[in-house]
Amino acid sequence: MSKTETTTTAATTSTAASQQRDAADAAATAQLSTAPKEELAGGPTLGVIGWIRWFWRQLTSMRVALILLFLLSLGAIPGSLIPQNSADELKVRTFKEQHDVLAPIYDRLQLFDVYSSVWFSAIYILLFVSLIGCIVPRTWQFVGQLRGRPPAAPSRLTRMPVYTTWRTEAGPEEVREAALALLKKRRFRAHTAGDAVAAEKGYLREVGNLLFHVALIVMLVAFAAGQLFKSEGGKLIVEEDGFSNTLTQYDDFKSGPLFSTDELVPFSFTLNSFTGTYETSGPQRGTPRTFEADVTYSKAGGPEKKGVIRVNEPLEIDGSKVYLISHGYAPVVTVRDGKGNEVYKGAVPLLPIDNNVTSTGVIKVMDGYRDRNGKRDQLGFPAFFVPTYAGKGKGQMFSTFPGLAYPVLNLSAYHGDLRVDGGMPQNVYQLDTRKMKPFKTASGDIFKKSLLPGETMTLPDGAGSITFEKEIKEWASFQISQQPGNGLALAGAIAAIAGLVGSLFIQRRRVWVRAVRGDASTGGLTVVEMAGLGRSESAKLPEELADLAALLHSVAPTAPDVADEAPAEGAEK
């Protein structure tokens with residue numbers, strides 16, 4: 001064989017060996033990832049099965065999962081900004097009345113029912129499937145890595161991003177045993193493979209990653225359970241009145257499609273008193289300081305207990321929560337007919353229309369009243385109440401302070417048919433005057449009067465009177481809800497945060513320690529090589545390897561005849 005052929009053969013052999021070493025190094029690096037391996041579709045066409053596989057791979061990729069999560073968050077924005085039928089139908093109706101152009105468009109896009117809309121449900125289900133498709137293969141691959149051992153050291157540790165080396169008089173076996181003990185003490189999974197010790201640490205990073213994605217699924221399941229099995233209703237209660245948790249007691253009630261009224265927790269409570277205090281001076285005058293509802297409650301067949309319900313501090317009874325939503329005033333009035341007989345007496349809740357609790361409502365006398373001719377009739381009194389009146393000649397009749405400093409009740413009067421006997425539901429805070437006639441003054445104006453506590457308004461033509469009593473009660477509005485998925489959602493959120501912290505701050509890394517007897521050029525000393533590889537770049541990996549090298553160096557120090565030489569071969573990359 002000629003010299004040229006010999007040189008060519010040697011170069012070819014060297015190139016092949018180098019490629020094999022590069023492939024081994026790349027394999028060691030690739031094993032750090034637990035991401036599902038993508039397969040390339042071959043052939044000129046995919047076919048039906050090929051397209052299905054392609055779609056599944058795209059759907060279960062991390063990229064698509066993040067896109068769907070972003071779309072879900074984006075889709076929830078209209079649910080927060082636009083009134084929802086599930087929360088307040090009255091606000092939805094008001095919005096539709098005020099926006100003739102936008103309302104039909106929002107209706108077609110299901111923006112008044114975002115969380116039950118087709119498009120939101122589609123994003124929700126696709127995200128659910130995508131997360132499961134992401135987690136299952138990653139979990140099996142991670143379990144396989146846990147069952148296996150860290151891979152053996154690559155042939156050329158000098159190619160690793162962090163590397164150091166030195167020569168020592170200690171034997172190779174002694175160095176490897178010391179390295180194995182050191183790495184295990186530092187909680188590495190380590191074993192001896194050939195002439196090197198292979199170790200790995202940071203598996204909790206992938207555990208955190210998987211925990212984060214599992215927690216997202218848990219939160220999605222909790223959200224679905226909450227929507228399917230939830231119940232919530234509202235009830236306005238005047239002081240000294242009570243509530244029993246049955247369907248007929250609610251002012252309004254909504255539930256999920258899988259909720260049964262038999263699941264309502266049996267309990268009752270009475271509103272003993274409501275306390276509201278406000279800032280009385282300064283720029284914050286009128287700002288609420290205290291909202292407390294003092295109640296007495298009991299479970300079915302159980303003893304009575306005292307409780308206080310505050311804003312964001314609900315009363316919890318066997319999974320049901322009673323929230324304090326709003327409050328207002330309920331003036332006590334007495335209505336008498338023309339003969340002085342009392343036909344109505346009670347506290348009438350009025351609804352606030354501003355922050356100073358200026359309130360409106362209607363007093364309805366449906367039974368027991370007869371006109372001066374003895375004929376049965378019905379009365380209606382539109383009411384306008386201000387807890388703190390500014391006084392005559394000081395603008396419109398609106399309250400200047402939410403507390404009861406100078407209460408005034410303004411009334412007008414109607415008689416006729418209240419239309420409550422036809423079986424059609426109507427708003428108790430509004431008066432339908434289509435079949436009613438107003439009482440009028442001698443000049444033909446609608447009869448009305450402003451009353452202070454204790455004053456009486458006498459109706460024209462001996463039709464009777466209405467007295468604004470000195471007692472003014474307060475009312476509180478409560479929301480009673482059962483949300484079976486809340487605890488699960490909270491647990492999922494906590495787990496998601498813990499998993500995210502683990503995946504962000506724990507680094508998966510490998511360390512190799514090779515110890516071999518050197519040739520004649522090294523004087524027969526043991527050559528020690530240490531290298532590290534992290535899944536992601538981190539400044540901590542060089543520091544950790546330097547710390548490990550220092551500890552191992554104390555067991556296998558640099559040989560004396562080498563210590564005075566230039567430290568080039570022991571330099572850290």
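How many bridges pair β2 with strand β3 (residues 196–201), and in which sense? The two strands pair over 5 bridges, in the antiparallel sense. Within this pairing, His191 stands opposite Ala198 in β3.

## About the model

Welcome to a predicted model, in which local features need pLDDT of at least 70, side-chain atom pairs count only at pLDDT 80 or more, and totals for chains, interfaces and linings use all residues. Residues are numbered from 1 along each chain as its sequence is written, and side-chain values use heavy atoms, with hydrogens and water left out.

Helices (H or I, at least four residues) and strands (E, at least two) are DSSP runs numbered from the N terminus, and two strands pair if DSSP finds at least two bridges between them.

## The five-stranded sheet

β2 and β3 belong to an open sheet of 5 strands, ordered β1-β23-β22-β3-β2 with antiparallel pairing. On average, neighbouring strands are turned by 15° against each other, direction ignored.

Helix α10 (residues 540–555) packs on this sheet and touches β1, β3, β22 (509–517) and β23 (526–534), where contact means heavy atoms within 4.5 Å. The direction of α10 makes about 155° with that of β23; axes are lines fitted to C-alpha atoms, for helices over the stretch in contact, and angles run from 0 to 180 degrees between N-to-C directions.

## Strand β11 and its partners

Strand β11 (residues 320–336) is mostly covered, with 12 of its 17 residues buried; buried means under 20% relative accessible area, exposed over 50%, and partly exposed in between (1.4 Å probe, protein chains only). β11 pairs in the antiparallel sense with strand β21 (residues 465–482) over 15 bridges. Arg336 has Ser465 as its bridge partner in β21 and Glu342 as its bridge partner in β12.

Two hairpins also involve β11. Strand β10 (residues 315–317) pairs with β11 over 3 antiparallel bridges, and Glu316 stands opposite Lys321. Between these strands lie 2 residues, and Asp318 takes a positive phi near 50°. β11 and strand β12 (residues 342–347) run antiparallel, joined by 5 bridges. Their hairpin has 5 residues between the strands, and Gly340 in the turn has a positive phi of about 90°.

## A look at helix α3

Ile77 is found in helix α3 (residues 62–81). Its relative accessibility is 40%, which means that Ile77 counts as partly exposed.
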